[in-house]
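The sequence and structure are shown first, and the details follow by topic.

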Amino acid sequence: MMQNVHLAPETDEDDLYSGYNDYNPIYDIEELENDAAFQQAVRTSHGRRPPITAKISSTAVTRPIATGYGSKTSLASSIGRPMTGAIQDGVTRPMTAVRAAGFTKASLRGSAFDPLSQSRGPTPPLEAKKKDSPEEKIKQLEKEVNELVEESCVANSCGDLKLALEKAKHAGRKERVLVRQREQVTTPENINLDLTYSVLFNLASQYSVNEMYAEALNTYQVMLKNNMFSNAGILKMNMGNIYLKQRNYSKAIKFYRMALDRVPSVNKQMRIKIMQNIGVTFIQADREKMKKAFQKLIAVPLEIDEDKYISPSDDPHTNLVTEAIKNDHLRQMERERKAMAEKYIMTSAKLIAPVIETSFAAGYDWCVEVVKASQYVELANDLEINKAVTYLRQKDYNQAVEILKMLEKKDSRVKSAAATNLSALYYMGKDFAQASSYADIAVNSDRYNPAALTNKGNTVFANGDYEKAAEFYKEALRNDSSCTEALYNIGLTYEKLNRLDEALDCFLKLHAILRNSAEVLYQIANIYELMENPSQAIEWLMQVVSVIPTDPQVLSKLGELYDREGDKSQAFQYYYESYRYFPCNIEVIEWLGAYYIDTQFWEKAIQYFERASLIQPTQVKWQLMVASCFRRSGNYQKALDTYKDTHRKFPENVECLRFLVRLCTDLGLKDAQEYAIKLKRLEKMKEIREQRIKSGRDGSGGSHGKREGSASSDSGQNYSASSKGERLSARLRALPGTNEPYESSSNKEIDASYVDPLGPEIERPKTAAKKKIDEDDFADEELDDLLPE
């Protein structure tokens, strides 16, 4: 049974298990950094030398094995490894081993370490393509075309439009050569459409900026005919822009609408821009229509023969006929017809001048040039005056003065109108001497100019000669009964002269002409107040409130009148409304604080007095009132803190020290003695100072005291001159005052009047002394007994 078992031969030359557990240090990768030979091989070509040993045989070779039947067959595993017990190279594979199959010591002999396979040599270089191949030529051409397009765009951005156009044309020529070469090499489907589109689009854009509109339109048409190009909406929009520059508005609108149809709804920004362009085109079309309509209006013939009214000879019979027809019905009809034509032309010019060009000045210049070239040459000067008046309304006084002074050298009628406007301009600048000089020029040039007479009356009014001013205003009204400025100013003059009935008649007449004029209504109420008729004054002020419901000054005036009548609730309502619209009127704040003190709402009064102390931080009485309100409301600690703070800000105020002494004494504080000493010292210093002043002036203190009394009485008035302007509303602030008249700026005969009233602000009438709060109202009793001896 054991006869078929063949044991492995035992030889000393080659042990089957020898070397399996041996470890070659060449595979120790942890010491590679310290291995000088390996480092030298990596850094140089030392490791690229070919190996000197033969290739190691693979273990996948089938080895013959002996079986129990004595035959040797070559058996291999499914992966090519020899089976256990098989004989390979004359050596039987052991049944067990601790080393990998097929590993022998012989395989290590003479082998070199080559982990990077450097022994194979360098990789051969890639085969270079031929430079003269069609594909390479096409790519080179594409690169050149792109560079030319970029250079064209850069030149355009730098402002060199001619160079940009040349580069665009050159790119177009090269692109056509490129297309022909591509058609010869490849199929038409492989043509670069994006490059063709960019070249044509850039060429059309350069044509457009160089104002070669026909070439640009032709290029865009070529692009539109190619259905393979996208973005047709942008192309049509650009064509619309070109037609707009050519002032072909109908075609521009047509292409804009076509572009709007081609742009998808998701592109909202583009659609909005196109619709904006459509609107601009309609406006431009209207401008052209307005210009054409004005030119047609100028070209309408009047068919009036002025020569027939001039006697050609000394023939008495002819002269009689000429004199007879100079004022007959036909002549009157011709005058009316000419006046109507001039009125229509002036009105049209005023309407279209601000909108037909980029600025109103350019529009007026265009109208003036058209009028000068027509039969209405004399209207050109009137348009120049209107231009100057427009500059005045825009507060560009230098331009207005320049134009008006240029017109001084014209005929008497134009000279009068220019001098009238100059007089008004200098009057607004408070240069009454220049205003009077130009008013004299205007009156001398045209004695029947009501605006010139009104301005002359204004300059006399400013000098205080009210009687003479009234004469000028009356003369202006005799020349033009509808001159509202003269009627208003004569009412102010009568008011200054204390002729209240006549002043009231003037303002009532003016009210019949200007029904909703807040200035006229206020002046009527003012006169009724001066006539001591408060009920009528309240009624007319209510009408003012209906016209301007947010005027704080009118509301405070109503509150004052109701307070005089004893109606505290109505007075409080209007004073509070006035405070809401203008919370900085110190008189209104004072009245509201006093009202809450009377009703014993101390906390409410504190709010108003604190605001007053913010408006007038240098006035000690507001802080004393706040402290007194705290004291009366029972908040003694807050009152004490307020008095101390006031004493730090105003250390020489006697009243504050008196209240501190009294309050500290009532609270049992030790500070009472300190404040009492300060008070005693301060009163003594005050007495010494007063004695020195009295002795130094030698009896002049009486007049000084009189002036001080006058100043104190003035402070009790409702409206002071210094704060008057701050309390006026924006509407009433620009109106002429009761002591200064309206000024008129030009002659209405040539329709160049400056209608905006630009006189000084309305001077509010002084009010009677109302309830006023002083710090003495809160003094309790004398403090002399508390002071130290």
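Helix H6 (residues 232-245) and helix H7 (residues 249-262) pack at an angle of about 165°, and their axes are 8 Å apart. The model is a predicted one, in which local features need pLDDT of at least 70, side-chain atom pairs count only at pLDDT 80 or more, and totals for chains, interfaces and linings use all residues. Residues are numbered from 1 along each chain as its sequence is written, and side-chain values use heavy atoms, with hydrogens and water left out.

**Helices H6 and H7**
- H6 and H7 are therefore roughly antiparallel to each other (angles over 145 degrees, taken from 0 to 180 degrees between N-to-C directions of axes fitted to C-alpha atoms over the stretch in contact).
- Helices here are DSSP runs of H or I with at least four residues, numbered from the N terminus.
- The crossing of H6 and H7 is left-handed (the near helix is turned anticlockwise from the far one by less than a right angle).
- In contact (heavy atoms within 4.5 Å) are residues of H6 including Met237, Met239 and Leu244, and residues of H7 including Phe255, Tyr256 and Met258.
- By class, this contact of H6 with H7 comprises 11 nonpolar, 3 polar and 3 charged residues (Ala, Val, Leu, Ile, Met, Phe, Trp, Tyr, Cys and Pro count as nonpolar, Asp, Glu, Lys and Arg as charged, and the others, Gly among them, as polar).

**Helices H18 and H19**
- The axes of H18 (residues 484-496) and H19 (residues 500-513) come within 7 Å and cross at roughly 155°.
- H18 and H19 are therefore roughly antiparallel to each other, and H18 passes H19 in a left-handed crossing.
- Among the contact residues are Leu487, Tyr488 and Ile490 of H18, and Cys506, Phe507 and Leu510 of H19.
- The contact of H18 with H19 has 11 nonpolar, 2 polar and 3 charged residues.

**Aromatic pairs**
- The structure holds 23 aromatic pairs (ring centres of Phe, Tyr or Trp, the last by its six-membered ring, within 6.5 Å; planes over 60 degrees apart count as edge-to-face).
- Tyrosine 488 and phenylalanine 507 form an edge-to-face pair, 5.4 Å centre to centre with 80° between the planes.
- This pair links distant parts of the chain, with tyrosine 488 in H18 and phenylalanine 507 in H19, 19 residues apart.
- Tyrosine 488 counts as buried at 1% relative accessibility (under 20% relative accessible area, 1.4 Å probe, protein chains only), and phenylalanine 507 counts as buried at 0%.

Terms used: Helices (H or I, at least four residues) and strands (E, at least two) are DSSP runs, numbered from the N terminus. Angles under 35 degrees count as roughly parallel, over 145 as roughly antiparallel, 65 to 115 as roughly perpendicular and the rest as oblique. Rings of Phe, Tyr and Trp (its six-membered ring) pair if their centres lie within 6.5 Å; planes under 30 degrees apart count as stacked, over 60 as edge-to-face and the rest as tilted. Buried means under 20% relative accessible area, exposed over 50%, partly exposed in between (1.4 Å probe, protein chains only).
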